[in-house]
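Please look over the structure below before reading the notes. The notes are grouped by topic.

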Amino acid sequence: MKLGRVRLLMVVLSALALLLFPVASMLKSELIMYGALLCFVLSALVWYGFFRCPHCHKFLGQSTKTVCPHCKKRL
Ligand SMILES: [Zn+2]
């Protein structure tokens, strides 16, 4: 998966989770709460599984730079 796509997916999933948590508590809906939790877990999984350097395949962590902190190549 391309790094741009991974970033977009992470943003969408975490935004959805952030949006669904207050909605779930407002509507007192367990189903929506589980959906929010699922989005949160999925975004963490995508982050850990796919947010890697395309050159050295090392985990990028919280890096938002355009250069890999491990091999110094452009992302
Ligand atoms: Zn690298």
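H1 passes H2 in a left-handed crossing, the term for a near helix turned anticlockwise from the far one by less than a right angle, with clockwise being right-handed. The model is predicted, so local features need pLDDT of at least 70 and side-chain atom pairs count only at pLDDT 80 or more, while totals for chains, interfaces and linings use all residues. Residues are numbered from 1 along each chain as its sequence is written.

**Helix pair**

- The axes of H1 and H2 cross at roughly 160° and come within 8 Å; axes are lines fitted to C-alpha atoms, for helices over the stretch in contact, and angles run from 0 to 180 degrees between N-to-C directions.
- H1 is therefore roughly antiparallel to H2, since angles over 145 degrees count as roughly antiparallel, under 35 as roughly parallel, 65 to 115 as roughly perpendicular and the rest as oblique.
- On the H1 side the contact includes Val6, Leu9, Leu13, Leu16, Leu20 and Leu27, and on the H2 side it includes Ile32, Ala36, Phe40, Val46, Trp47 and Phe50; two residues are in contact if their C-beta atoms, placed from the backbone, lie within 7 Å.
- By class, the contact of H1 with H2 has 20 nonpolar, 3 polar and no charged residues; Ala, Val, Leu, Ile, Met, Phe, Trp, Tyr, Cys and Pro count as nonpolar, Asp, Glu, Lys and Arg as charged, and the others, Gly among them, as polar.

**Helix H1**

- Helix H1 covers residues 3–27, and its 25 residues should span 36 Å at 1.5 Å a residue, which agrees with the 36 Å between its end C-alpha atoms; the expected span is 1.5 Å times one less than the number of residues.
- Helices (H or I, at least four residues) and strands (E, at least two) are DSSP runs, numbered from the N terminus.
- Valine 11 is found in helix H1 and counts as exposed, because it has 11 C-beta neighbours inside 10 Å; a residue is exposed if 12 or fewer other C-beta atoms lie within 10 Å of its own, buried if 20 or more, and partly exposed in between, with C-beta atoms placed from the backbone.
- Valine 11 and serine 43 are 32 residues apart in sequence, and their C-alpha atoms are 8.0 Å apart.
- Valine 12 also lies in helix H1, and its 13 C-beta neighbours inside 10 Å make it partly exposed.
- From valine 12 to leucine 37 is 25 residues in sequence and 14 Å in space, C-alpha to C-alpha.

**Positive phi**

- Most residues other than glycine have a negative phi.
- Histidine 57, in the segment after helix H2 (30–50), has a positive phi of about 60° although it is not a glycine.
- Histidine 57 is exposed, with 9 other C-beta atoms within 10 Å.
- Lysine 72 is in the segment after H2, and its phi is positive, near 65°.
- Lysine 72 counts as exposed, with 10 C-beta neighbours inside 10 Å.

**Segment after H2**

- Lysine 65 lies in the segment after H2 and counts as exposed, with 9 C-beta neighbours inside 10 Å.
- Lysine 65 and leucine 75 are 10 residues apart in sequence and 8.3 Å apart in space, C-alpha to C-alpha.
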